[in-house]
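Please look over the structure shown below.

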Amino acid sequence: MAVQKMTMMNIIGNIEDIDSVVLDVLKANNVNLISALNQIEDNKFLFNVKDENLEKYVELNFATSFKTDMEYEKLKKKVLELKDILHIHEDGIKEYETILTKDEIIAELNGFYDEIHEVSEDLKTKKESLNALTNLYNSFPETTEIPFPVEKLRGLTNVTYRMGKLSKEARLKLKKNYENILAIVIHTASTKDGEIYMMFYPSILNEEMNRILRSLNFKEILIPDSYRGSYKEIKQQIGEEKRTLEKEIEVVEGTISKYKEDYEKKLLFLTNHVDIKLKIEDIKEKLARSSKYFYLSGWVPKKEKSQLEAALNKYKDTLILFNEEGDQHPPTKLKNIRLFRPFETLVRLYGMPSYEEIDPTPFLSLSYMFLFGAMFGDLGQGFVILLSGLLFSRKNKLFGGLLSRLGLSSMIFGTFYGAVFGFEDIIPALIIRPFESINTILMAAIVVGIVLILIAYTLSMVNAYKRKDLEEGLFGKEGLAGLLFYLILLALAASKIIGRYFVHPILSLAIILLCLLSMVFKQPLTNLIKNERPLHGHDISGYYVESIFSLLETLLSMLSGTVSFIRVGAFALTHVGLFIAFETIGEMIGHAAGNAIVLIIGNILILGLEGLIVFIQGLRLEYYEMFSRYYKGDGKEFEPASLDRKK
Amino acid sequence: MASVKRYAGVNTKTRVLKSRLLKKADYLILLELDALEDQVKYLKQNTFYANVLKDDIKLNDVESIELALKRYLLIQYKKLSKYFSNEYAKLYRILLSRFEIEDLKQIFRAVAGGGKISKDNFYFKEEYLNIDYNKLTKSNNTDELINNLKGTLYYDALKDYVAEDKSKLTFYVEMTMDKLYFKILYNQCHDLSKEDKDILKDIIGAYIDLLNVEWIYRGFKFYDLMPEELFNYSLLNGNEFDLKEIKEMCYSTIEDLKAYILRTKYKFLFDEEKDMDLYMELNIEKYFYSLYKNAFKRGKFDILITISYLHLLEYEIKDIISIMESKRYGVSIEDTMNYLIMDIKGSEI
């Protein structure tokens with residue numbers, strides 16, 4: 001079926017080759033690595049012991065895990081730092097042919113790292129001082145001016161002069177208390193983070209003023225002695241210094257963009273190599289090593305076995321072993337034709353099939369498309385869904401694919417029902433007009449449901465057979481006993497309708513009784529057949545209580561499950577009904593334009609709302625009425641080690 | 001609807017926690033018991049403190065019991081904060097930082113007094129929110145202590161107090177840090193829902209009123225601060241007093257201040273009968289105790305329930321320690337009752 005066959009691959013190679021072997025495995029993109037150490041410890045890392053590989057076998061006993069080389073993390077940091085400095089945002093070329101050694105990478109990187117790093121540090125300090133200078137610059141007022149040079153203020157003996165910043169709250173308090181403060185306070189400028197004040201007070205009040213200013217959290221701005229002249233002149237001086245610094249920064253930035261030209265390619269090249277090395281280090285966590293050899297285990301799809309072997313054959317003295325036997329559970333890789341592929345998402349949503357299970361994708365795809373189309377059959381609206389699906393598939397391939405397939409199915413059923421955008425008078429109905437034969441549609445829905453449920457039973461038995469699960473396959477409620485029971489019930493129901501017995505009622509009753517009994521006693525029966533003792537598990541009474549209740553549940557779910565499919569017909573009717581409602585509203589409006597608008601809105605609503613409901617209801621039928629009967633979905637997904645994915 | 005979603009779970013949980021707090025009867029029994037060991041035994045056998053007073057704590061020592069109870073309070077804070085996310089989680093972090101500030105004040109007091117700092121006296125054990133405990137304890141004097149706070153949000157507020165007179169320093173530090181705390185807390189309120197914002201602003205406003213009065217009083221009486229300073233340190237956003245009224249208080253005298261407050265709803269601050277300085281703090285706590293106690297009579301989905309429980313627990317812990325201490329110093333039952341936050345007078349059996 002559509003679950004790919006897997007085989008276990010074990011590799012033993014020389015430790016020197018490890019990086020390039022891992023790279024080859026990564027490039028192959030089809031090995032699902034598992035912990036080699038666990039394999040070795042569980043004695044599952046098996047190979048033929050011959051003379052020439054005896055040493056490899058002996059060393060197996062000393063296998064340990066790899067220590068992650070932290071050096072690469074540091075290199076990555078350096079590379080990222082350089083990229084940041086040089087403003088390089090792209091990831092660089094992905095190239096996996098050649099592979100540098102660690103020392104080569106370090107040597108290459110150090111060739112220009114220090115130089116660039118130094119310049120960038122220089123730039124950083126320059127920018128910091130520019131920032132400080134700008135702050136100082138902004139602290140000086142644009143308009144307020146002192147008519148004498150600042151150095152004169154500095155030299156005052158009896159009056160103290162201070163300049164500083166106050167917060168909004170402090171400013172308010174100062175304002176409210178002016179009359180008690182023995183100082184001349186002049187507001188000179190506003191900045192982002194506070195107001196700038198100039199203060200003069202008698203120097204004998206220094207201590208008191210200090211305390212007051214401190215309680216206001218006054219942030220003093222000290223004007224360096226090198227600045228002289230009036231505020232205006234000082235501001236000019238600072239402005240000039242700022243400009244000089246800005247020019248210097250420009251020069252340094254020029255140097256940096258020169259560096260970018262010179263080293264961009266090389267840096268991206270190295271980034272790529274560091275990334276590969278990091279990936280390899282990451283992968284090594286799953287590998288094991290001894291002093292001379294490394295050990296690798298992983299699942300490989302059987303089909304790609306030879307291809308991989310060919311890729312790895314170039315390493316001499318490397319053992320590659322494939323092992324298909326064994327009781328391990330391989331991961332599941334789904335392989336479906338293009339039509340079904342988007343539906344794999346829906347299967348994954350429920351759970352991956354296990355390796356031994358049938359891939360439910362084909363059955364789900366067909367039945368889901370059928371159900372969706374039957375519920376939402378409309379040539380025009382289906383076409384819209386198809387178009388939006390095609391549009392979507394550029395962004396989200398799987399969801400777009402899903403939509404377009406459902407749209408197509410809707411179109412097909414649209415021609416069966418003869419509906420285009422709700423109108424039933426444009427094209428003829430090929431099969432039936434749902435609203436004109438309500439009973440037929442509802443009956444047909446149940447029949448479809450019965451067929452689907454019967455298929456589900458069959459699949460369930462096939463799955464039980466593949467699992468070699470006698471108990472469920474023969475006596476389980478989704479096994480042969482369940483199927484027989486269901487069939488007899490159907491026959492009885494049909495007899496009631498037609499008025500003639502297909503199976504003799506007494507025989508029916510006998511079969512029903514037999515089925516029920518076998519479902520109750522399934523565990524002891526199985527053990528009897530297999531000749532195993534004891535017949536029951538530990539908790540006998542618990543087992544019977546459970547099986548009797550599950551019997552009840554089986555009975556109910558058979559009935560409700562079948563009736564549940566009526567919704568398929570019901571939604572086919574709703575679809576038409578909804579449109580009729582909009583059509584009526586449109587006619588009530590009376591003029592053509594209003595009518596058209598209502599019909600357009602109606603179509604949009606039907607597409608959006610009903611489309612969503614039908615999508616969900618279809619899924620509900622798939623999951624609850626069918627998956628629950630035949631599908632477990634407790635498998636692991638096949639996740640190949642690869643260079644692309646971040647994992 | 002959002003408030004129901006936010007509080008339905010946590011408020012129910014909090015009500016259960018609150019129901020485990022001690023009753024008046026428990027207080028009376030604890031008061032009657034003379035030996036510390038009997039009190040501990042009673043708490044362990046009859047109350048939820050059995051989970052707190054484990055055997056790894058020195059149960060014959062009031063200090064270690066106090067520490068265990070304090071840390072239990074922090075655990076409750078953290079536990080309840082787990083029910084909240086985003087801005088509310090941030091609020092709880094700020095509320096928790098109050099204990100960090102309490103610890104920091106203690107460290108200041110210890111360093112200023114030349115005393116030893118022992119980890120055993122603090123709320124926090126290892127993980128402080130903002131400060132590096134080990135670095136702080138290496139400080140030989142308060143200036144070093146302030147410098148060691150570099151890099152924390154406290155440094156910017158405290159750096160101007162280097163070389164301040166030791167007798168006043170602790171008062172300055174306390175005011176500055178409380179001011180910082182209330183400012184941050186007040187700002188955080190604005191990111192909460194309207195109901196919660198109003199509730200918290202009201203509570204914070206009351207704290208601010210009382211703190212302002214307390215500071216002005218202490219500033220006058222013990223520290224001889226200038227009115228200008230007191231005015232500048234005063235907190236904004238109180239409930240009762242505007243800036244003009246605060247200014248009047250700052251520029252008045254102790255007697256006038258007292259007379260003024262006695263005319264307001266905070267007259268309990270200056271209870272004439274007892275020693276004012278001793279009871280001021282207690283009276284503030286009693287005020288909030290009854291406020292938080294009443295919170296549980298409402299059935300609303302808002303932040304008041306959790307906040308109230310946490311404070312009630314805090315007060316209860318203080319009371320338990322007071323009772324234990326009173327036995328050590330031989331204070332009579334009658335007198336001890338005066339020192340308790342919970343009002344149990346007149347309810348003797």
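How many residues lie between β5(A) and β6(A) in the hairpin that they form? There are 2 residues between these two strands, where helices (H or I, at least four residues) and strands (E, at least two) are DSSP runs numbered from the N terminus. This is a predicted model, in which local features need pLDDT of at least 70 and side-chain atom pairs count only at pLDDT 80 or more, while totals for chains, interfaces and linings use all residues. Residues are numbered from 1 along each chain as its sequence is written, and chains are lettered from A and ligands numbered from 1 in the order in which they are written.

**Overall make-up of the chains**

- Chain A contains 22 helices and 10 strands, whereas chain B has 16 helices and 0 strands.
- Of the 647 residues of chain A, 30% are buried, and in chain B buried residues account for 32% of 349; a residue is buried if 20 or more other C-beta atoms, placed from the backbone, lie within 10 Å of its own.
- Two residues are in contact if their C-beta atoms, placed from the backbone, lie within 7 Å; among contacts between residues at least 6 apart in sequence, 77% in chain A join residues at least 24 apart, and in chain B the corresponding value is 59%.

**Strand pairing in chain A**

- Two strands pair if DSSP finds at least two bridges between them, and β5(A) (residues 184–191) runs antiparallel to β6(A) with 7 bridges, A:S190 standing opposite A:E195 of β6(A).
- Strand β6(A) (residues 194–202) is also joined by 8 bridges to β4(A) (residues 159–166), again in the antiparallel sense, and here A:K165 has A:I196 as its bridge partner in β6(A).
- Elsewhere in the chain, β1(A) (residues 6–14) is mostly covered, with 7 of its 9 residues buried.
- Strand β1(A) is antiparallel to β9(A) (residues 293–301), to which 9 bridges join it, and A:M9 has A:G298 as its bridge partner in β9(A).
- Strand β1(A) also pairs with β10(A) (residues 319–323) over 5 bridges in the antiparallel sense, with A:I12 opposite A:L319 of β10(A).

**A helix pair in chain A**

- The axes of α12(A) (residues 361–375) and α21(A) (residues 566–589) come within 7 Å and cross at roughly 40 degrees, the axes being lines fitted to C-alpha atoms over the stretch in contact, with angles running from 0 to 180 degrees between N-to-C directions.
- The two helices α12(A) and α21(A) are therefore oblique to each other, since angles under 35 degrees count as roughly parallel, over 145 as roughly antiparallel, 65 to 115 as roughly perpendicular and the rest as oblique.
- From α12(A), residues A:L371, A:A374 and A:M375 meet A:V568, A:F571, A:A572 and A:H575 of α21(A).
- This contact of α12(A) with α21(A) has 6 nonpolar residues, 1 polar and no charged ones, where Ala, Val, Leu, Ile, Met, Phe, Trp, Tyr, Cys and Pro count as nonpolar, Asp, Glu, Lys and Arg as charged, and the others, Gly among them, as polar.

**Contact between the chains**

- Chain A brings 12 residues to the contact and chain B brings 10 residues.
- On the side of chain A that touches chain B, the elements giving two or more residues are α7(A) (168–176) and α8(A) (206–215), and the largest share, 5 residues, comes from α8(A).
- By class, that side of chain A has 3 nonpolar, 3 polar and 6 charged residues.

**Confidence**

- Chain A has a mean pLDDT of 86, with 98% of its residues at 70 or more; pLDDT is the predictor's confidence in each residue, from 0 to 100.

Notes:
A residue is buried if 20 or more other C-beta atoms lie within 10 Å of its own, exposed if 12 or fewer, and partly exposed in between; C-beta atoms are placed from the backbone.
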